[in-house]
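Q: Please take a close look at one chain here. Go from its overall build down to a single place inside it.

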Amino acid sequence: MIEHLVPRILAKLLIPFILLFGLYVQFHGDFGPGGGFQAGVIFAAGIILYALIYGLDQARGVITPGFVSILVALGLLIYAGVGVATLLLGGEFLNYGVLDSHDPVHGQHLGILIIEFGVGTTVAAVMITIFYQFAGRLQITRELESDDPDDTPDTPVPDAQSSDAQASDAQASDAQERR
Amino acid sequence: MSTATHAGFSLLANLPALQVVVPMVAAPICTFLRFRNGPWAFALLVSAAVFWIAVTLLQQVLTHGVISYEMGGWAPPIGIEYRIDEINAFVLLIVSGISLVALPYALRSVEREVPQDKHHLFYAAWLLCLCGMLGITITGDAFNIFVFLEISSLSTYMLIASGRDPRALTAAFQYLVLGTLGATFILIGVGLLYIMTGTLNIIDLADRLGPVSDTTSVRAAAAFLIVGIALKFALFPAHFWLPNGYAYSPSAVAVFLSATATKVSVYVLLRFEFTVFGGIEAFDDLHFARLLLPFAIAAFLVGSIAAIFQTDLKRLLAWSSIAQIGYMALGIGLGTPDGLTAGIVHMFNHALTKGALFMAAGAMFLSIGSTRITNLAGVGKTMPFTTLAFVLAGFSLIGVPTTSGFISKWYLVLAALQHGNAGYFLAGLVLFSSILAVIYIWRIVEVAYFREPAGGAVVKEAPLSMLLPLWALTLGCYFFGLETHYSVDIARQAAESLLGIAR
């Protein structure tokens, strides 16, 4: 695959830094601007960029949908788990102060760090899931269309009618949705 | 490992948090259970635990008074407070109880109506929905109500759409649009109140609203809140999402939602109308509650008349629900202790009655494959136990004496009669609407008992796992029709505490 060489190389360079920036926003969130929501979205954006450039199948191979769906639940469990831990340690639900037996402030730091990690995990996983779902849907639609003998993409389309062809494509995919 | 200020884990002290946290933690765990019937068994177990918590909380409230729980150890009004008094303890009991009864019923219904590979997600959504409704009910924080409302709404859309019927998708989408509109209105209302008072805690709101109450912002907030909540509980004319939502969702979902979702929204209305706006003098001459009356009357008349003309049993029951919501709104609209008692007790009685009726309809759907009324011919002979339960619960819907439906209507009529000539008119309308209920229940009885079954496929009686919950709710209708100590007394206490705060 030689096409789109420039985006491919650029994405290769950028994606590690996007993921790293996501982790920075995640874990620096209690000292600077940031937190789980923003970090989750940034992290997911890295994965989505990868999927856009290298194709959905490739991305699904790297981060499988099954794994993502586990992460969705896991993030919520991390959040709620901290709450349950504080309950068991004798505090109220999500009273992080009890997490450290010596200094409540340390406990609060620890608590907010862990629950934000839970938030980040779920947000990233949900963003990726939504992308997989929508992109996967387009793929299914395209496969169905290319199976259709009347609609072979090989037939040359005059330029003047290309916009009409697009419109009819859109209609076809609409019809697919309805089915 | 405990600090000086916190003396170890106490189950009893943390019950208010656990009421919401248990289903919330259970939902993600449920998505990991992929083996057959695993998610169902787990959801049932969680539901039983949640019901036990609700019963214990109600007992505590009745003996020791209001319970306040500080989330995260932050004192109200800064932190989120979970505040349980008679009214929300009662609603918690209804919601968790219905979930516990509906889950055994759900096993066979969901097996048939939801694809096997989606079961873990279905029950996770069920638990999230339960978590959301319990959260709305238990919290004493206006913004927290909105958050839990979104949790329960989003999972409700998923539950409705989870069936095999493709029409369920449009029904869920319709509800999504209207539900989001309602939630947005509620958020705008809460936002306006926050701008005017700087607080989100409901008790604190009620205290601080006094000086700023005679402003356009607060009036607009009240209007946004009432319209938003009315959308959520499908008060006429904001009822369009309800018939399709209940008719095309899987039967177990219809049972669960019809018996709980609208009740929780009615509770939110009570909370805002009486606890927050109740004490405001500027609203006194507006006769705030009475604004509901015309809509309530229209709801039970239109609902009952529309129910008569339905061709599908589930849709018929859904339209009847719109009518019953009208009765609750009528009780609330009267604004007197008796009216409120009637409205609150009808929340409970209608949950039992409509739960039983939707269960019977779902059992018929399982055996016959359709709930079109013409296809139900002779069902009284082929499914005698299900049909008998349907008829008995139908009596409760009509309000025949000895049923719980009679108790609600009795108090409703009593409350109406205190209002002079207008009261006689209202009572007459309630009785007229009950006669309409006789007509639509009779339509089913006629088809079920006096028509010959269409030959062909052999129709079997519903399985025991559906009959037991069905009969439990049906007998419940009669138990609470004869023994009103629990339902009416708690409702009266709840009504008095709501109006007591207003005074």
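A: Two residues are in contact if their C-beta atoms, placed from the backbone, lie within 7 Å. By that rule, residues 24 or more positions apart account for 79% of the contacts in chain B with a separation of 6 or more.

This is a predicted model, in which local features need pLDDT of at least 70, side-chain atom pairs count only at pLDDT 80 or more, and totals for chains, interfaces and linings use all residues. Residues are numbered from 1 along each chain as its sequence is written, while chains are lettered from A and ligands numbered from 1 in the order in which they are written.

Start with the whole of chain B. Its secondary structure comes to 19 helices and two strands. These are DSSP runs, numbered from the N terminus: helices are H or I with at least four residues, strands E with at least two. The C-alpha atoms fill a box of roughly 70 × 65 × 40 Å along the principal axes. Of the 503 residues, 59% are buried. Buried means 20 or more other C-beta atoms within 10 Å of a residue's own; 12 or fewer means exposed, and partly exposed lies in between.

Now the helix pair. Helix α2 (residues 38-64) and helix α4 (residues 119-138) of chain B have axes that come within 9 Å and cross at roughly 15 degrees. Axes are lines fitted to C-alpha atoms over the stretch in contact, and angles run from 0 to 180 degrees between N-to-C directions. α2(B) and α4(B) are therefore roughly parallel, a label for angles under 35 degrees. The crossing of α2(B) past α4(B) is right-handed: the near helix is turned clockwise from the far one by less than a right angle.

Which residues of α2(B) and α4(B) meet? From α2(B) come B:P39, B:W40, B:A43, B:V46 and B:V50. Facing them in α4(B) are B:H119, B:H120, B:Y123, B:W126, B:L127 and B:L130. By class, this contact has nine nonpolar, two polar and no charged residues. Nonpolar covers Ala, Val, Leu, Ile, Met, Phe, Trp, Tyr, Cys and Pro; charged covers Asp, Glu, Lys and Arg; the others, Gly among them, are polar.

Methods:
Parallel < 35°, antiparallel > 145°, perpendicular 65-115°, else oblique.
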